[in-house]
Amino acid sequence: MSQENNSATDPTHQALMDALAPCPGGYFAAMLISESVLCDTDVKKAMRVQHKLGNNKLLSTIFVELGMLTESDQRRLIRKHGTSFRIGELICELGYISLEQLQQAEQKLAVSPGKRMGEVIRELGLIDDRQLAQALSEQLNLPLVHVDIDTADRQLLRKFPVKFMRMHLTVPYEASETKVSIATANPINNNAIEEIERQLRKKAVISIAAESALLSMLGKLEAAGNKGEAHDQVAEVVDSILLSAIREGASDIHIEPMDDKTRIRLRLDGVLIHKMDLPPELAQRTIARIKVLAEMDISDSRRHQDGRFSREVGHVTADYRVSTYVTIYGENLVMRVLRSSGGLKSIEQISMSRGLLERFKHEALDVPTGVILITGPTGSGKTTTLYAAIDYLNRPTTKIITVEDPVEYIVPGIIQCSVDNTAGRSFDESLKSVVRQDPDIIVLGEVRDKKSAQVAVQAALTGHKVLTTFHTEDSIGGLLRLIDMGVETFLISSTVVSILAQRLIRTICPDCRQAYMPNKRIANLIGIDDVTLREHTFYRGTGCGTCYGTGYHGRTALHELLVLNEDVREAIIAHKSSQEVRQISCNSTDLLSLMEDGLYKVLLGLTTAEEVYRIAPRSPSHRSVEEIYTLMGHET
């Protein structure tokens, strides 16, 4: 950013400011000068470039292309001064429409008295209502929310006529003792907001929502009213929370007591998203209701407890693993959502690249005996991959037996056991019994200690194939942890066939996906060289209603497959360091790291360099992009 000062009394400077007025993007450029972000000389240079291009590019675009301004600074400054922009200019500056499209909209607005620019741009089909909501959110610096009948306070909604809310595109969806949260698609000069405040005698907290989401919500409310539905409020709140988690694919539900409210958040794509707040009294009753369902002691709120329950909500049956943790404000409750059906994927659906998939199937899963480990931290998708492998191996001529805690997916044709300590089916007891059931393949939900590790190794030595999961950083870490558990190195080298390490990484939201230039330092750190950086197009999400403003929607997996060969086995027996074992594996087994798989998925446009840098363990790539493409089995 420039430190050069521009004098408002300088006639040359004033002439520049006057010349900027008619230029496309001139207002933003003048604002950059007034903030001392750019100097007069920078802006004059950009104006000359704009003139040569026939005035068909915004000045801000030229600033970024000339390296005078970063995209992140541009967006930050737009947010800072959002209320100073006219909505059409803002939508154009944010990249939702082109300069030519803005001019087209301005011409139509000139002959459409009484209409607003945002409305005109939508009618022309240049943006949808979610993009308009995102632009309004940035212009007014108000949060963007996704509202739905399942997470709103229906008693609050029924205090206002549906016709009133539909006419003003304004919906009060939750309230505390002093505040009411209002979602609106029409935040400017909205008399409905004042009316809601007056009737409820509460201060409004305004959020922006897409028009289609509000109309859909009101339609559902109207339909429910016509059916005369009436439910207990607490049961309704619990069901709405569970349904919201199921519909949005959440892995966990967090109910968190705070000083003056209880916050409810869902973990979506590995990140916690704030969904709603409950007043303390209702929250306590809600937590009590969940504890009853999970067969926990509701009379005891002074100690941590665990429980579980199964429930069908919205025609979807799921198991919920419940944990409470006593805090200074009361019980913090977390529910892990375990879908017992509908989540099973085939081996082709686990986002593994073609080259790795062929190796995993033919060099690991098809091997008749031995241990196959799937490793990664909690929430990395290990169980999904494990079940996909089971599905691949499930044949009429093969007997597969599992020991799981709990059974997460039901697979027809295999024998599944869910550990239950109260019924005498402990993990250790089940391990003893499973080998006497004449299995071909044994599946252990998790190697949790030395005993289960030894059972896996001994079963492999007696001619069984064993699949299991493990908590380690990467594939090499899986080998070293087995050694740390006390398993002899010669047993590891003779029984372990392969180790598959993985992570889940967020994918770019398709609704707000735009081209961008990654941060050079971060790109280099994950293995993208400067030549590749210049020659490829990279993408990111700018944030919209679909992705709750994060820029990401959904997740894919990163994989690191180590298939042991003689060189690696000898290194294990010789107690080589992890770095030495990794180097030997890379040289002799074509091991591709999690970071390299992340690099590959960035080049495919699935995710961003910043997300790979955030998720993947640090293991700098020494391979060229061409080598990685070849090993991944990339089809050109």
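**Entry 1. Salt bridges**

I looked up E358 in this predicted model and found E358 partly exposed, at 33% relative accessibility. Its salt-bridge partner is K361, with the closest N and O atoms 3.8 Å apart. K361 is buried, with a relative accessible area of 11%. Both residues belong to helix α16 (residues 354-365), where a spacing of three residues separates them by about one helical turn. I noted the general rule beside this: an α-helix has 3.6 residues a turn, so residues three or four places apart point the same way.

I then turned to R506 and E611, which form a salt bridge with the closest N and O atoms 3.1 Å apart. R506 lies in strand β15 and E611 in helix α27 (residues 609-615), so this pair ties together parts that are 105 residues apart in sequence. Are R506 and E611 buried or exposed? R506 counts as buried at 12% relative accessibility, and E611 counts as buried at 2%.

The side chains of R122 and E211 also meet in a salt bridge, at 2.8 Å from N to O. Because R122 lies in helix α8 (residues 117-123) and E211 in helix α13 (residues 211-226), the pair ties together parts that are 89 residues apart in sequence. R122 is partly exposed at 31%, and E211 is partly exposed at 25%. In the structure I count 25 salt bridges.

**Entry 2. The seven-stranded sheet**

I traced an open sheet of seven strands in the order β12-β11-β13-β14-β10-β15-β18, with mixed pairing. Its edge strands are β12 (415-418) and β18 (552-563), each of which pairs on one side only. Neighbouring strands are turned by 15° against each other on average, direction ignored. Strand β11 (residues 400-404) pairs with β12 in the parallel sense over four bridges; I located E404, whose bridge partner in β12 is S418.

Helix α17 (residues 382-393) packs on this sheet, and among the strands it touches are β10 (370-375), β13 (441-444) and β14 (465-470). The direction of α17 makes about 165° with that of β14. I also found helix α26 (residues 594-603) lying across β15 and β18, at about 135° to β18.

**Entry 3. The six-stranded sheet**

I followed a six-stranded open sheet in the order β6-β5-β4-β9-β8-β7, with antiparallel pairing. Here β6 (271-278) and β7 (305-313) are the edge strands, and neighbouring strands are turned by 20° on average, direction ignored. Seven bridges join β5 (residues 262-268) to β6, and R263 stands opposite D277 in β6. Helix α15 (residues 280-293) packs on the sheet, its direction making about 90° with that of β7.

**Entry 4. Helix α12**

Which residues of helix α12 (residues 191-200) are buried? I found A192, I193, I196 and L200 buried. They cover an arc of only 105° around the axis, which puts them on the same side of α12. These buried residues pack against α10 (154-157), α11 (162-168), β1 (170-175), β2 (179-184) and β3 (203-208). The face turned away from the buried side carries the exposed residues N191, E194 and R198. Just after α12, R201 takes a positive phi of about 55°.

**Entry 5. Confidence**

I checked pLDDT last. The chain averages 85, and 94% of the residues score at least 70. The score stays under 50 over residues 1-6 and over residues 227-231.

Key: Residues are numbered from 1 along each chain as its sequence is written. This is a predicted model: local features need pLDDT of at least 70, side-chain atom pairs count only at pLDDT 80 or more; totals for chains, interfaces and linings use all residues. Side-chain values use heavy atoms; hydrogens and water are left out. Two strands pair if DSSP finds at least two bridges between them. Helices (H or I, at least four residues) and strands (E, at least two) are DSSP runs, numbered from the N terminus. Axes are lines fitted to C-alpha atoms, for helices over the stretch in contact, and angles run from 0 to 180 degrees between N-to-C directions. Contact means heavy atoms within 4.5 Å. pLDDT is the predictor's confidence in each residue, from 0 to 100. Buried means under 20% relative accessible area, exposed over 50%, partly exposed in between (1.4 Å probe, protein chains only). The arc is that of the directions from the helix axis to the C-beta atoms. A salt bridge is a side-chain nitrogen of Lys or Arg within 4 Å of a carboxyl oxygen of Asp or Glu.
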